[in-house]
Amino acid sequence: MFKKPSIQNLRLRLAQSEALPQLTLMALITGLLAGGFLIAFEELLFFFGVVSQHALIPDHVFSTLASVESGYEALPPLVRFFSPIGGALALILLIKSRPPKRRSFGIAHVIERLTLNRGWLPITSTITQFFGVLIALVSGFSVGREGPAVHMGAGAGSFLGQILKLPTNTLGVLAGCGTAAAIAALFNTPMAGVIFAMEVVMKEYSLESFIPVMASAVVASVLTQTVYGPNPAFQIPIIPSATPEELAVTAITAVIIGLLAAAFIQINIFAIQKRQHKVVFPLLIAGLLMGIVAVLVPATMGIGYDTIEALLIGDDLNLPFLFILLATKLVITALVIGLGVPGGMIGPSLMMGATAGACSVLLAEQFIGISATNITFHVMTGMIAMMAAIFQAPLTALITVLELTHSSQIILPAMLAIVIACLTSSQICKQQSIFVMQFMARGQSIQLSPMTQLLNRTGVTSLMDSRFLHLSPDLTVDNAKAEISENTQWLVLKKDEQLYILSANTLFDSETAPKVRTIGSLKGLKRAGMISSQASADEALSIMKKNSIENLLVVSGNSEREFFDPERSGILNKGMIDTLYKDD
């Protein structure tokens with residue numbers, strides 16, 4: 001008989017490790033939520049940026065977020081100095097209002113929650129991230145909006161799963177969908193969003209995850225293209241084919257960028273270690289340092305997209321200034337983020353790479369006579385090399401440059417730059433991804449075995465056996481036999497507030513059953529615990545190990561009547577979980 005669709009049926013289906021149609025549907029909704037969330041964020045950021053600057057520079061024309069960033073440089077020096085300090089004070093009030101366990105932000109927070117908390121992201125942390133990065137960017141801190149956007153997108157996906165009470169094994173995938181949607185929406189690069197989610201955040205490639213993540217990125221891109229148009233984040237001129245000389249410059253630049261990326265990571269880790277989970281003093285130091293740098297080098301304020309746009313078309317090619325800008329941007333960004341400012345690193349990393357690429361080709365022009373007319377090429381390869389080296393995400397970087405330029409000619413030079421920069425940072429300088437280094441600095445490990453990943457992807461309801469019957473322990477053996485049906489495999493007894501599981505076959509054991517009066521006295525009773533129907537197989541194993549038991553009653557309700565309803569509950573034992581190992 002045809003079953004009417006219901007949220008309970010959806011939950012049961014999503015508990016399977018393979019539930020592509022249902023999971024893809026949830027991913028589409030996640031893409032809409034994340035895309036809408038980020039559009040609202042972009043509009044608020046633009047609005048507050050315009051309002052805060054228009055009063056001081058009424059003649060400045062604000063049309064895009066890049067124009068808001070360029071407005072920082074027109075502000076009076078005293079305003080540039082006090083703006084980050086005021087922002088730091090506002091951030092202190094915001095963050096101190098949250099419990100200590102809800103003060104983690106950004107991509108590292110998302111990776112931690114996916115790895116160690118099975119994709120459960122607190123919505124309160126997501127909301128705090130939303131307002132925190134608004135404050136940081138409007139006040140001029142040298143941070144990006146991409147990391148916070150990933151947090152917000154992942155939070156939207158996780159919250160969707162939480163509010164619908166979906167199985168835990170789907171929360172991580174929905175958070176990954178939100179991650180892909182965020183990157184796709186910000187840069188208008190859906191492929192890069194998918195690869196970033198899989199390569200950096202989720203750290204796995206499987207069909208069960210890939211299709212939903214892709215669907216979410218598509219929906220978010222369509223939504224943002226409808227609002228903002230089809231253009232990517234940067235307007236990039238046509239890039240001519242690179243000459244052998246230019247490829248040589250690219251290789252040397254990539255080595256330098258690898259070294260710079262390693263330095264950036266080390267400065268960031270130094271600041272994190274000095275902060276030691278404190279809030280007030282580190283943020284005040286971050287505000288003061290940013291204020292000083294903002295007075296001396298105003299171009300360091302904000303993300304740096306205005307600088308990237310200028311370098312891509314060959315403007316602002318003052319070599320001494322670019323050197324100063326590169327050094328100050330690298331140091332101040334690593335420090336303020338390490339000191340606790342809730343901002344991202346993707347945008348600043350692109351700006352630093354663009355500046356490094358421009359510096360390299362200008363030096364080559366001065367000393368070895370290579371023309372700088374193809375500066376767009378060197379700026380682009382520099383951007384991508386820095387992004388790849390800091391995050392150790394070569395595939396994401398390659399797809400990003402391909403989608404931004406729409407040119408196949410850039411693929412070979414980009415691959416050359418990415419390989420050299422990543423190897424220089426990881427092998428010569430011994431630096432892993434900045435997120436891995438941050439976890440190591442905190443004494444955390446985020447590595448999961450393939451089997452643990454499989455257990456996390458499998459919900460307990462997909463393994464449980466619902467062929468059970470709840471009986472009183474005082475029932476006689478003969479009466480119990482009369483109660484059960486041919487289909488009954490398990491008996492659940494509640495004795496002295498403790499649950500016990502009994503195989504139904506025990507009642508018909510000629511050596512055991514006739515010797516006792518009640519079923520509560522049978523020797524086959526095994527102590528059992530309870531677990532939510534939203535839990536994953538990995539959570540079930542953890543509970544079994546912690547309580548030294550091998551049986552669990554999977555429950556989906558709050559009342560005792562719902563606990564023992566075979567349509568909503570079931571029996572799970574270690575042997576049922578072991579079938580995953582054998583099937584795998």
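I looked up the lining of the largest pocket by class and found 17 nonpolar, 14 polar and eight charged residues (Ala, Val, Leu, Ile, Met, Phe, Trp, Tyr, Cys and Pro count as nonpolar, Asp, Glu, Lys and Arg as charged, the others, Gly among them, as polar). A pocket here is an open set of points on a 1 Å grid over the protein atoms alone, where a 1.4 Å probe fits, with protein on both sides within 12 Å along at least five of seven lines; lining residues have an atom within 4 Å of a point.

This is a predicted model, so I kept in mind that local features need pLDDT of at least 70 and side-chain atom pairs pLDDT 80 or more, while totals for chains, interfaces and linings use all residues. Residues are numbered from 1 along each chain as its sequence is written, and side-chain values use heavy atoms, without hydrogens and water.

The volume came out at about 920 Å³, as the space filled by probe spheres set on the points, joined across faces, edges and corners. Of 39 lining residues, Arg103, Ser104, Phe105, Arg275 and Arg442 are the closest to the centre. I then checked the helices (DSSP runs of H or I, at least four residues, numbered from the N terminus): H5 gives the most to this lining, six residues.

**H5 and H19.** I next took H5 (106-116) and H19 (434-441), which pack at about 70° with axes 10 Å apart. Axes are lines fitted to C-alpha atoms over the stretch in contact, and angles run from 0 to 180 degrees between N-to-C directions. The two helices are therefore roughly perpendicular (65 to 115 degrees).

Conventions. Parallel < 35°, antiparallel > 145°, perpendicular 65-115°, else oblique.
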